[in-house]
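Open the structure in your viewer and keep the selection tool at hand. The stops below say what to select next and what is there.

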Amino acid sequence: MALSAKLVMRQGQSLVMTPQLLQAIKLLQFSNMELTAFVEEELERNPLLERGDDVPEAPLASADMDFPLSDPAGPEDLLGRSFNEADEADWSSSALAVDCGALEASLGTELANAFDDDRSAPALEPGAGFSEAAAGLSATSWTGSAGGPADGEAPNLEAYAAAPTNLKDHLEAQLSLAVADPVDRLIGLAIIDSVDDAGYFVDDLADMAARLKAPLARVERSLAVIQTFEPSGVGARDLAECLAIQLREKDRFDPAMQALVANLPLLARRDFAALRRICGVDDEDLADMAAEIRRLDPKPGRAFGGGAVQPLVPDVIVRAAPGATWHVELNTDVLPRVLVNNSYAARVGKAQGADVDKSFMSSCLQTANWLTKSLEQRAKTILRVSSEIVRQQDGFFRHGVEHLRPLNLKTIAEAIGMHESTVSRVTSNKYMSTPRGLFELKYFFTASIASNDGGDAHSAESVRFRIRHMIDQERPDDILSDDAIVARLKEINIDIARRTVAKYRESLKIRSSVERRREKAHMAQMY
């Protein structure tokens, strides 16, 4: 078959992901902090955008003042005299004389001592006018002060605040005092660089010695020196060594305690019978040793760890409304207010300029309009999804977790006429403040667990709540096994397998029935 080139015209439809559409999709899944950072970048980049908070407010009403605006006498000073125009003329006239003798008597010193030399304050002669003396003062002498800058602005208090000390700086400061040898100090700095935020040494000493081309014994000695620093337990290579360092400093690392620290897995499993045999102590001594271990810090570096914790701010607020309904509203404090300066855009558009400048301003105007529309559409979509979640989970808001219904993204998407991916983006990193606490929107989407009698299904979160409630209410002589929990759940028409109960129990960080039985039996022997 011969090959030939030809032109063919076809008509079709396709969805093109424009940059504006990609931006709108990205805005949906932003958290409120990410959205604020994105808007700040756009405000710096686009000259036609301005904050809604920057719009000048109306002047204060007369009710906000301490005096009526209609008072012809004007505000009064502390002595009760009004500063009207006549009084101001009296102050500025040369007829006002200063009695230096009376002033010096009231000050208790000579008048020349009342001014600093660097202020260049003129001496007041008897009979000299106030305006003449004021004319000789420089602007610095009026606005400068020892407690603030010379331009009259308030001092920046943040400039005087001490920067937070991190763990690395804290250890390096101790190293500079404890080690004088330059080589040992270099090894110590390398070890400190390998200490994580929890305070543990996470590198291998042999590898570090090979990298530094230093003897392994010397690196070990440097690590031993760092392990004596504050906080106690820093530089340990595992949990047992961390606890041992702290116990040595407390002079509590006797042979029985050494045996207990060497068998921490048995302590975690509450196998007190084996620990009594290994440590050679009775129940009372073992309880005291376990209490001593619990008082130690397993992560000594967390006192210096990380930056400031950002509190969670809700995107949606749900309140009870009259008539047994719920009022759902957006949190306006986290919604950025952005306005398009159309007047400035029109003024620039009328001006004569290069084509490049006009094209730039046209692009900025289009981007600004699209951003404001995207922010408005994002807010409306979050409100629609949140309102439907509240409608679907009405039982949870009224009665608690036990009445949380099974819910998936498809149900919400079909109810509000949107795609599941849109609902997924909206519920990502968004939080709802309710009378029962602060919850992530994805919390309300749980798996379904069938009912025995074919009735309404149960949500996985409500089943977890029931499992925790059963275990919290169990008696020491009647510890519930996973099979017993399955039997009790079936009594309330919840069809669930034993392995599912075990998975839910582990996700709740609840120990097995054997470990709980050992712990409660040991506590019963103590008391």
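Predicted model: local features only at pLDDT ≥ 70, side-chain atom pairs only at ≥ 80, totals over all residues.

Select strands β2 and β3 to begin: they form a hairpin with three residues between them. In the turn, Gly323 has a positive phi of about 85 degrees. Helices (H or I, at least four residues) and strands (E, at least two) are DSSP runs, numbered from the N terminus. Two strands count as paired if DSSP finds at least two bridges between them. Here β2 (residues 316–321) and β3 run antiparallel, and six bridges join them.

Residues are numbered from 1 along each chain as its sequence is written, and side-chain values use heavy atoms, with hydrogens and water left out.

Which of them are buried? Buried means under 20% relative accessible area, exposed over 50%, and partly exposed in between (1.4 Å probe, protein chains only). In a regular strand, side chains alternate between the two faces of the sheet.

Next come the salt bridges, each a side-chain nitrogen of Lys or Arg within 4 Å of a carboxyl oxygen of Asp or Glu. A search of the whole structure finds 23 of these salt bridges. Side chains of opposite charge can pair when their charged atoms come close.

Select Arg391 and Glu388, whose side chains meet in a salt bridge at 2.5 Å, N to O. Both lie in helix α17 (residues 355–392), three residues apart, about one turn of the helix. Arg391 counts as exposed because its relative accessible area is 53%, while Glu388 counts as buried because its value is 9%.

Move to Arg302, which forms a salt bridge with Asp297; the closest N and O atoms are 3.1 Å apart. Arg302 is exposed at 53% relative accessibility, and Asp297 is partly exposed at 24%.

Then select Arg475, Asp477, Asp478 and Arg488, which are linked in a network of salt bridges. Within it, Arg475 bridges to Asp478, with the closest N and O atoms 3.7 Å apart. Arg475 is partly exposed at 49% relative accessibility, and so is Asp478, at 29%.

How is the peptide bond from Glu230 to Pro231 arranged, cis or trans? That bond is cis, with omega near 0 degrees. Pro231 lies in the loop between α10 (216–226) and α11 (239–249).

Asn493 has a phi near 65 degrees, a positive value in a residue other than glycine. Look for Asn493 in the loop between α22 (482–491) and α23 (498–507); Asn493 is partly exposed, with a relative accessible area of 30%.

Lys509 is not a glycine, yet its phi is positive, at about 60 degrees. Find Lys509 in the loop between α23 and α24 (513–526), where Lys509 counts as exposed because its relative accessibility is 75%.
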